[in-house]
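Student: Could we take a close look at a single part of this one? I'd like to see what surrounds it, step by step.

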Amino acid sequence: MPVNAELVEIIVCPETKQSVSLATPERLEELNGKIRSGELRNRGGETVAKELTEALIREDGRVLYPVDDGIPVMLIDESIEL
């Protein structure tokens with residue numbers, strides 16, 4: 001289930017209050033390659049095991065928030081530093 005576009009418009013980063021936008025398929029594929037090789041960690045220090053089908057990128061492009069079954073996971077420890 002894709003994330004609701006209206007929801008994306010009103011969500012902000014919990015840390016900086018910057019807006020977010022959907023990650024491009026190219027960016028997701030790049031990150032999924034790192035997930036498959038076991039080299040991607042979230043900001044909580046845990047290895048990311050589940051491949052990303054959708055994600056939200058903070059306006060400054062430095063942080064990504066995963067989307068799980070259409071629900072954005074807006075927890076700082078679950079975010080991924082880019």
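Tutor: Let's start with what Leu 56 touches: leaving out residues up to four places away in sequence, its contacts are Val 8, Ile 11, Val 20, Ser 21, Leu 22, Val 63, Leu 64, Tyr 65, Val 67, Pro 72 and Met 74. Contact here means heavy atoms within 4.5 Å. Keep in mind that this is a predicted model, where local features need pLDDT of at least 70, side-chain atom pairs count only at pLDDT 80 or more, and totals for chains, interfaces and linings use all residues. Residues are numbered from 1 along each chain as its sequence is written, and side-chain values use heavy atoms, with hydrogens and water left out.

Leu 56 sits in strand β2 (strands are DSSP runs of E, at least two residues, and helices are runs of H or I, at least four, numbered from the N terminus). Leu 56 counts as buried because its relative accessibility is 0%; buried means under 20% relative accessible area, exposed over 50% and partly exposed in between, with a 1.4 Å probe and protein chains only.

Now for helix α2: β2 (55-58) and β3 (63-68) are among the parts that cover its buried residues. Those buried residues are Leu 28, Leu 31, Asn 32 and Ile 35. They fall within an arc of 105 degrees seen down the axis of α2, so they line one face of the helix; the arc is that of the directions from the helix axis to the C-beta atoms. Just after α2 comes Gly 38, with a positive phi of about 75 degrees. From the C-alpha of Gly 38 to that of Leu 56 it's 21 Å, with the two residues 18 apart along the chain.
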